[in-house]
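Dear colleague,

I am handing over the structure below, and my notes on it follow. Please read them with the structure open beside you.

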Amino acid sequence: MKTPEGRIPPKERPDFPSYDKAVWRDADGNEHKRYVVLPMRAGSGGYAIVDTENHANDEVRKDFKTVHAAYEFMRTHRAP
């Protein structure tokens with residue numbers, strides 16, 4: 001689908017709610033990055049995007065071969 005003239009594509013808009021822009025606030029009002037990239041728990045050598053909200057540390061997406069691939073996914077995909 002072609003973007004109408006003058007309209008900014010969703011991935012280039014400043015308010016695009018991507019993984020790398022998501023934050024959460026603790027009880028003291030401090031802001032924390034919601035998603036971070038960490039080595040996978042299984043020790044497979046891959047990387048995972050981890051949800052840090054309330055220190056849950058749940059793997060949201062995994063099996064990225066490189067850190068760069070994980071960060072690129074975070075930058076270009078909408079967060080849940």
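**P80 and its surroundings**

Leaving aside residues up to four places away in sequence, P80 touches Y19 and Y35. Please keep in mind that this is a predicted model. P80 is found in the segment that comes after helix α1, and with a relative accessible area of 73% it is exposed. The C-alpha atoms of P80 and S18 are separated by 8.7 Å, although these two residues are 62 residues apart along the chain.

**The sheet and the helix across it**

Three strands make up an open sheet in the order β3-β4-β5, and their pairing is antiparallel. Its edge strands are β3 (35-39) and β5 (58-64), each of which pairs on one side only. On average, and with direction ignored, neighbouring strands of this sheet are turned by 25° against each other.

Between β3 and β4 (residues 47-51), which run antiparallel, there are five bridges, and V36 stands opposite V50 in β4. Four bridges join β4 to β5, again in an antiparallel arrangement, and here V50 stands opposite E59 in β5. The hairpin of β4 and β5 has six residues between the strands, and within the hairpin N54 takes a positive phi near 55°. Helix α1 (residues 67-76) lies across β3, β4 and β5, and runs at about 165° to β3.

**Salt bridges**

The structure holds four salt bridges, and I describe some of them here. In one of them E31 is paired with R25, with the closest N and O atoms 3.1 Å apart; E31 is partly exposed at a relative accessible area of 47%, whereas R25, at 56% relative accessibility, counts as exposed.

Which residues are linked with R34 in a network of salt bridges? The network consists of R34, D51 and E53. The side chains of R34 and D51 meet at 3.0 Å, N to O, and this pair links distant parts of the chain, with R34 in the loop between β2 (31-33) and β3, and D51 in strand β4, 17 residues apart. D51 counts as buried, at 12% relative accessibility. E53 also forms a salt bridge with R34, the closest N and O atoms being 3.1 Å apart. Because E53 lies in the loop between β4 and β5 while R34 lies in the loop between β2 and β3, the pair ties together parts that are 19 residues apart in sequence. E53 itself, at 30% relative accessibility, counts as partly exposed.

Technical notes:
Residues numbered from 1 in each chain as written. Predicted model: local features only at pLDDT ≥ 70, side-chain atom pairs only at ≥ 80, totals over all residues. Heavy atoms only, no water. Pairing = 2+ DSSP bridges. Helix = DSSP H or I, 4+ residues; strand = E, 2+ residues; numbered from the N terminus. Axes fitted to C-alpha atoms, helices over the stretch in contact; angles between N-to-C directions. Contact = heavy atoms within 4.5 Å. Buried < 20%, exposed > 50% of the residue type's maximum accessible area, 1.4 Å probe, protein only.
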